[in-house]
Amino acid sequence: MSVPHAVEVPDQIPKERYYDPDFYALEAEQLWSRVWQMACRLEEIPGVGDFVEYEILDQSVIVVRTSETAVAAYQNSCRHRGVKVVQGRGTLKSGFTCPFHGWCYGLDGKNTFVSKKKSFSEHNLVAGEIDLVPVRCELWGACAWINLSDESPALRSCIEPFATILDAWKFEAMRTEWWEAFRLPVNWKLAQEAFLEQYHVIETHPELVIPKRFAPKDAATFDPEVFIDAELHYLHVMSEGMGGMVHANDVAVAEGQRTITLSKDPTEAMASWHHSLNEAVVAWHTARGAVIPNLNELAAQGIGETMYYAFPHYFVLPMYSSASSYRFRPLGPEETLMEIWSLTRYPQGQEPGPPQPPEPRTFDDERIPPQPPPDIDKQARHQPGQDKKGVG
């Protein structure tokens, strides 16, 4: 977990305060105004002039591509009367134009035009004071990150070791296959908690508990073929349940490993299976021209885990070639916007175009991939009964 140095986070927030409106206002002032936030994926703004409006609570920020290699961010507020200069996303042909009185700004945020300029006193039009207010913006992991504070440390120092680990995964080479969004009837902190631990899996996701995947108490009863069947069953369930965390391409590669010969010693067999599958996945994607790390090297370095988190709201869950990615944002004291990206690797030069932004669905929408709903359902049940008796 990566926590920004500029923000003091208590070891444990009393859960009865999760839904306190006063505490919610305090978070807006002391947390969200001071932390780095993933504002958009760079593939959302591939061309110069492409922009995205990023909203967090009552703040609106414009993220715009200013050149092939540069991205900038500004407060989405005209310096005349505070009207939003853009909404949603789109492409600017000649900079920003306020829809109220027509004030104009370049991609660099500088004011380029004031209608009926002579009607203003000179002291109201001082150069530099009527430009869009810049917002700190840094790039990492094929994403643009913003910070509303000028005093917070640089992005990378706030999201380590998350950044270095995912650099080793070559995370920046992944692209969006699909993107969904859901409104959850819970506080944003509670919404995230379900995805920060695996303690809930046995009870909440029994379909993932496949005993034959694990070494038996009596090693003499271990059957390599049964183990392989169990592993393949697990990969199919993960692929179908998460809609891409284990990509169908990787499941197909794993099926091609079904007939390999494994030791009858469970420890040796499991190690050999995972090593062989990693090699096969890397070979398949490399052969088609995709950028992918050496998965066995990641495992040897101890960074082959399947969940990494950048405080306060961004998750990456990599497995084999692909990953799921989550972003959480509060919509109110008891409502959260959860977004899920399914990310994968494409042959260089064959990456898809900009992803289509989703229309947020309700948390019980039947089109949600099968695995998240049980987590969300438990959160929805938990919220009304939240009290002071919890132990963790």
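Select Glu-43 and Thr-176: their side chains are joined by a polar contact of 2.8 Å. A polar contact is a pair of N or O atoms within 3.5 Å; within protein, one must be able to donate a hydrogen and the other to accept it, and residues adjacent in sequence count only if both atoms are side-chain atoms. The model on display is a predicted one, in which local features need pLDDT of at least 70 and side-chain atom pairs count only at pLDDT 80 or more, while totals for chains, interfaces and linings use all residues. Residues are numbered from 1 along each chain as its sequence is written, and side-chain values use heavy atoms, with hydrogens and water left out.

**Around Glu-43**

Glu-43 lies in the loop between β1 (37–41) and β2. Helices (H or I, at least four residues) and strands (E, at least two) are DSSP runs, numbered from the N terminus. With a relative accessible area of 11%, Glu-43 is buried; buried means under 20% relative accessible area, exposed over 50%, and partly exposed in between (1.4 Å probe, protein chains only). Next, display Arg-175, Thr-176, Pro-354 and Pro-355, which Glu-43 touches when residues up to four places away in sequence are not counted. Contact here means heavy atoms within 4.5 Å.

**Two loop residues with positive phi**

Most residues other than glycine have a negative phi, and most peptide bonds are trans. Move to Leu-57, in the loop between β2 (50–56) and β3 (59–65). Phi of Leu-57 is near 55 degrees, a positive value in a residue other than glycine. Leu-57 counts as partly exposed, at 27% relative accessibility.

Then select Ala-142, in the loop between β9 (134–140) and β10 (143–147). Ala-142 is not a glycine either, yet has a positive phi of about 60 degrees. Is Ala-142 buried or exposed? Its relative accessible area is 14%, and Ala-142 is therefore buried.

**Two cis peptide bonds**

Select Glu-160 and Pro-161 and look at the bond between them: the peptide bond is cis, with omega near 0 degrees. Pro-161 is in the loop between α2 (155–159) and α3 (162–168).

Which residue does a cis peptide bond join to Phe-311? The partner is Pro-312, and omega is about 10 degrees. Pro-312 is in the loop between β12 (308–310) and β13 (314–319).

**Helix α8 and its neighbours**

Colour helix α6 (residues 224–242) and helix α8 (residues 266–287): their axes come within 11 Å and cross at roughly 45 degrees. Axes are lines fitted to C-alpha atoms, for helices over the stretch in contact, and angles run from 0 to 180 degrees between N-to-C directions. The two helices α6 and α8 are therefore oblique to each other. Angles under 35 degrees count as roughly parallel, over 145 as roughly antiparallel, 65 to 115 as roughly perpendicular and the rest as oblique. The crossing of α6 and α8 is right-handed; a crossing is left-handed if the near helix is turned anticlockwise from the far one by less than a right angle, and right-handed if clockwise.

Show the side chains at this crossing: Phe-227, Ile-228, Glu-231, Leu-232 and Leu-235 in α6 meet Ala-269, Met-270, Trp-273, His-274 and Leu-277 in α8. These contact residues of α6 and α8 divide into eight nonpolar, one polar and one charged. Ala, Val, Leu, Ile, Met, Phe, Trp, Tyr, Cys and Pro count as nonpolar, Asp, Glu, Lys and Arg as charged, and the others, Gly among them, as polar.

Asn-249, Asp-250, Val-253 and Ala-254 in α7 meet Trp-273, Leu-277, Ala-280, Val-281, Trp-284 and His-285 in α8. Here the contact residues of α7 and α8 comprise seven nonpolar, two polar and one charged.

Select Asn-296, in helix α9 (residues 295–300). Asn-296 counts as buried, at 16% relative accessibility. Its side chain makes a polar contact of 3.0 Å with the side chain of Asn-278. Not counting residues up to four places away in sequence, Asn-296 touches His-274, His-275, Asn-278 and Glu-279.

Finish at Glu-305, in the loop between α9 and β12. Glu-305 touches Trp-169 and Pro-318, again not counting residues up to four places away in sequence. The C-alpha atoms of Glu-305 and Ile-165 are separated by 9.8 Å, although these residues are 140 residues apart along the chain.
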